[in-house]
Amino acid sequence: METVENVEQETLPVEDEALQTRASWSSALRFLAVMAVLLGLAYPLATTAVGGWLFPEQAGGSLLRDASGRVIGSRLVAQTFVGNEYFIGRPSAAGNDAASVSGSNLAPSNVALRERAEADAQAIARREGVSVDQIPVDLITASGSGVDPHISPEAARLQVARVAQARQIDEASVTALLEPALENTGWLGAPVINVLRLNASLDERYPAAPGADSAANDTPSNTVE
Amino acid sequence: MNDMIAIYALVALLGVPLGLYMGRALGSRRTRMDALFAVIETPIYRLAGIDSHQSMTWQAYALAVLKLHAGLILLAWLVFMFQGMLPLNPDGIAGMPWDTALHTAVSFATNTNQQHYSGQAQLSHLSQTLAIVTLQFLTPATGLAVLVAIARTLLIKRGASVLKGVGNYYQDLTRGVVRVLLPLAVVVALLLTWQGVPASYQAAPQVEMLDPQVEEIQSIPLGPVASMVAIKQLGTNGGGWYGPNSSVPLENPTPLANVIETASLTLIPVALLFAIALISGRRRLMLGVGAVMLVFSLVSTSVVVYSERMPNVALAELSQPGANLEGKELRFGTDLSALWGSWTTQTSNGSVNAMHDSFNPMGGMMLLMDMFVNVTFGGIGVGLIGFFLYLMLAAFVGSLMVGRAPELFGKPLETREMRWISLAILAQPLVILGLSALTVAMPGAVQNSNPGFHGLSQVLYEFTSAFANNGSGFEGLGDATPWWNLACVVALLVGRFLPMLVPLAVAAWLAGKRAAPAGRGTLPMDSLAFMGLTAGVIVIVNLLGFLPALVLGPIAEAVVQGF
C-alpha cells in the first residue's frame, strides 16, 4: 500500500485564476523565434568562441604540421598509405575521405564481408611475408568511421621489418619510433598507435630516398569499396 | 574495464544530485533559484508574449505542444531546403531535396534524429545550429515538460480535490531548457572541445596526404561541432555532426571524451527518477520503477557485450582470433562499443560509436529489443511516460487478477482510459510491422546493403528506430528515397505524440475522478509483486508483438551462423 509520506500539498502557481483553454499560434511562433536565436545561434556561437579561445589547437581540428609548418593532416583523421616505406592503417569503407566518412555496414552473414577480408588478409600476408593467422584482427576489419587513425601495437610491429627494409634502415630504428606514436597510455582506454604520426616521424627522421623501393604496385589494401 | 567503471560511476554519482536539483528546478514549489533564473526566463516570456503563470487544461497543453512542433518542423524544413542561399555555409553546400529535408525536420522535431543524410557533407553550419541544435534542446525539454505535467496531475497525492489544469507548457519547457539542459550542455561542450572535438566556423582545411604516391587532397570538415555533440548526447537526441556519429574521431576523439559522451547519454534519464520521486513524493514507487529499468538495462548490456566479444564469423581463420572489430573503432574496442550501443537503444538516444549493422546477430537483436521496450530509462521524459503507460496496463491487469474494479492510485480506470492506453501501446507493432511488410512487399523499395535475413533486420530496425524515436540504424540502408523518407515520417510522428499525449490525457481524466479510499484489497503499486507484474507485462506485450519478426531476422541469422 502507498505509505503516506510527508508530501506537502503543493499547489499550481495560481490556482484561482481561470484555466487557459486554448493555445495560440502567435505564442508558439514567437516563442520559437526567441528560442531559435538563444539556442540555435547564441549558444553555439558562445561555446565555440570560448572553446576556440581556451583550446585553439583542438577547436581547429587537431592539425599536425611538419618541421616547415606545412599542415600534413589531422591527428584525428586517418590517411591512405600505399608505399612500402609507410605503415598502413585499418581498412576504410570511405577510402579515408573525411568528407564521406562511413563504415562498411556489412553484416557478419554477408559474403561480401568475407570476400573483402580475404582479399585484405592475403595482400597483407604477401606484403609482410607472414601467414594470415599472424595478422591482428584490426588490420582486416573496417572501422566504424572509415577514418580510424589507429592500429594496435601488434599490427604496427608486424609491419616494422617491411618498413625498415623499404627505408634501408635497421629494424631497431623503426621500432624506436613506435613508442612516441602510442596514444591512450593513461588510465582510460587501451594503448594504440597513431599511424599518421608514426609515418610523419619516419619521414622526418629517415627521409625515403626518392624513387626507392617503394613502387608498391601491389593493391593498396587499406581502401575498400 | 576502467572506462566501464568510470562511466557507471559518473552516472551514479551525478545522477542523484542532478535529479534532486531537477526536482526542485522543475517542480511547482517556489524556490530561491526562481529569482536567479528569472533574469533569463522573464525576457523569454515577455518577448514571446506568454503569461507563464496561467495553468492550462490538458487539451490546451497538448495543443501548445503540437503547435510549437508544427512551427519547429516548418522552420527546419525551410532552412534545410534553402541552406544553399543562406549564410554560415563556408563549404558551399547545396539545399536538401524536399523529401529528405522533410524527413530530417520531422526526425529532429520528434527527438529521434534519424538521419538519411551525412551531416558533414550535406548540411551547412546554419542548418546544423539554427535548425538542428534548436530542436535538440526543445524536444527533450518537451519530454521533460509533459512528464512533469503528468507527475503533478496524476502522481502527487492531493486527497480528493479536483485539480485545476496540468500546468503551463511554456513555463515547463523554458525551465527545462534554461535550468537543466543549457548549463549542462555548455559544460560538456567545453570539455569535449578540450578533448579535440572541433569548435570553429571555418571552412574545411584541405591537406595533401603524406604519402606522395597518394595524389588525393583530404578535406577535414570542421564546424561548431562540440556545441552540437554536447546536446546531442545529453538530450537523448543522437543526431551527429558527421554521418557515422560518435565513431568519427573528430566527434569522439579520446577515451575520456567517450566516457563523457557515454555518461551524458543516460545521465538525465536516470536523474529523472529522482526528480519525479521528489516532485511526486512517491519514493517507493520510483524506486521500484528504477529497479525494473536497471534490471532490463544490465541484462541488455551484458548480452551485447558478450555478443561483441565473440569473433565475427565472416573473418574466421583470416587473422589472429579476436573480438568483432568490424565497424568499431580501435580506441574504444568492443566492450565500450557494446555498452554505448545498448545504452543508446535503451534511452532512445540513437547516437552510435560503432556501426550496429556489423554487430553479431545476438547483439543486434538485443538492440532491437531495447527499442521495442523503449522504457529502460528511455528518452528524456518520454521514457518514464512510456513506463507509466505500461504501469496503467499492469494496474488494469493486476486489478482484474485480484478481483477488483480496475484502478490506478485509487482512481477508477474505465473504458475511455483503457481504450486510449491500448491504442497507444498497440500502435507500435501496428506501425512498425505494417510499414516493414509494405516496404519489403514493394519492389525496389528496400535498397539495403545486406542479403537474406539480415536484410529484413535492416528494414525492421529502421522503422523500429523511427517509432521509438531512437534514430540509430543498420545504416547500410539506402534510405534517402521518397518512400523511406515519407514512411518514416509517419512512424516518427505517431511514435512521438501518441505515447506522449495519451498518458497526459489519461492523467487529467483520472485527476477529475473521485478517489476511492485505499482499503484491504487495494493494489499496492509500490510493492515488489506489482513491479514484477509490470516487468512481466512489458516483456509479454513486446514478445507477443515482435517475436515472429525477430525469428525471421536476427534469430534466423544467428541460427544459420551457429550461435
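This note walks through a predicted model of two chains, point by point.

1. Basis of the note. Residues are numbered from 1 along each chain as its sequence is written, while chains are lettered from A, and ligands numbered from 1, in the order in which they are written. Because the model is predicted, local features need pLDDT of at least 70 and side-chain atom pairs count only at pLDDT 80 or more, whereas totals for chains, interfaces and linings use all residues.

2. Confidence. The model scores ipTM 0.93 and pTM 0.93. Chain B has an average pLDDT of 93, with 98% of its residues scoring at least 70; pLDDT is the predictor's confidence in each residue, on a scale from 0 to 100.

3. Make-up of chain A. Six helices and five strands make up the secondary structure of chain A, and along the sequence they follow the pattern α-α-β-β-α-β-α-α-β-β-α. Helices (H or I, at least four residues) and strands (E, at least two) are DSSP runs, numbered from the N terminus. Of the 225 residues in chain A, 45% are buried, where buried stands for 20 or more other C-beta atoms within 10 Å of the residue's own, exposed for 12 or fewer, and partly exposed for the range in between, with C-beta atoms placed from the backbone. Among contacts in chain A between residues at least 6 apart in sequence, 62% join residues at least 24 apart; two residues are in contact if their C-beta atoms, placed from the backbone, lie within 7 Å.

4. The contact between the chains. Chain A contributes 108 residues to the contact and chain B contributes 120 residues. On the side of chain A that touches chain B, the elements giving two or more residues are α1 (25–54), α2 (56–59), β2 (71–74), α3 (111–128), β3 (150–151) and α6 (195–205) of chain A, and α1(A) gives the most, with 22 residues. By class, this side of chain A has 56 nonpolar, 38 polar and 14 charged residues; Ala, Val, Leu, Ile, Met, Phe, Trp, Tyr, Cys and Pro count as nonpolar, Asp, Glu, Lys and Arg as charged, and the others, Gly among them, as polar.

5. A recorded segment. In an unreviewed entry, UniProt lists residues 31–55 of chain A as "transmembrane region"; UniProt positions are given in the numbering used here, feature names are shortened, and annotations may be inferred rather than shown by experiment. In the model, residues 31–55 of chain A are 96% helix and 0% strand, and the end C-alpha atoms of this stretch are 34 Å apart.

6. Strand β1 (residues 63–65) of chain A pairs with β2(A) in the antiparallel sense over three bridges, a pair being two strands between which DSSP finds at least two bridges. Within this pairing, A:L64 stands opposite A:G73 in β2(A). The two strands β1(A) and β2(A) form a hairpin with five residues between them, and A:G69 in the turn has a positive phi of about 90°.

7. The three-stranded sheet. Three strands of chain A form an open sheet in the order β3-β5-β4, with antiparallel pairing. At the edges stand β3 and β4 (182–183) of chain A, each with a single partner strand, so one side of each is left without a neighbour in the sheet. Strand β5 (residues 192–194) of chain A is joined to β3(A) by two bridges, and A:I151 has A:I193 in β5(A) as its bridge partner. Helix α6(A) lies across β3 and β5 of chain A, running at about 55° to β5(A); axes are lines fitted to C-alpha atoms, for helices over the stretch in contact, and angles run from 0 to 180 degrees between N-to-C directions.

8. A helix pair in chain B. Helix α15 (residues 452–467) and helix α16 (residues 482–511) of chain B pack at an angle of about 35°, with their axes 7 Å apart. The residues in this contact include B:F463 and B:F467 of α15(B), and B:L492 and B:V494 of α16(B); by class, the residues of the contact divide into seven nonpolar, one polar and one charged.

9. Residues to look at individually. Most residues other than glycine have a negative phi. A:N96, in the loop between β2 and α3 of chain A, has a positive phi of about 55° although it is not a glycine, and A:N96 is buried, with 29 other C-beta atoms within 10 Å. B:S348, in the loop between α11 (333–346) and α12 (361–373) of chain B, has a positive phi of about 60° and is buried, with 33 other C-beta atoms within 10 Å.
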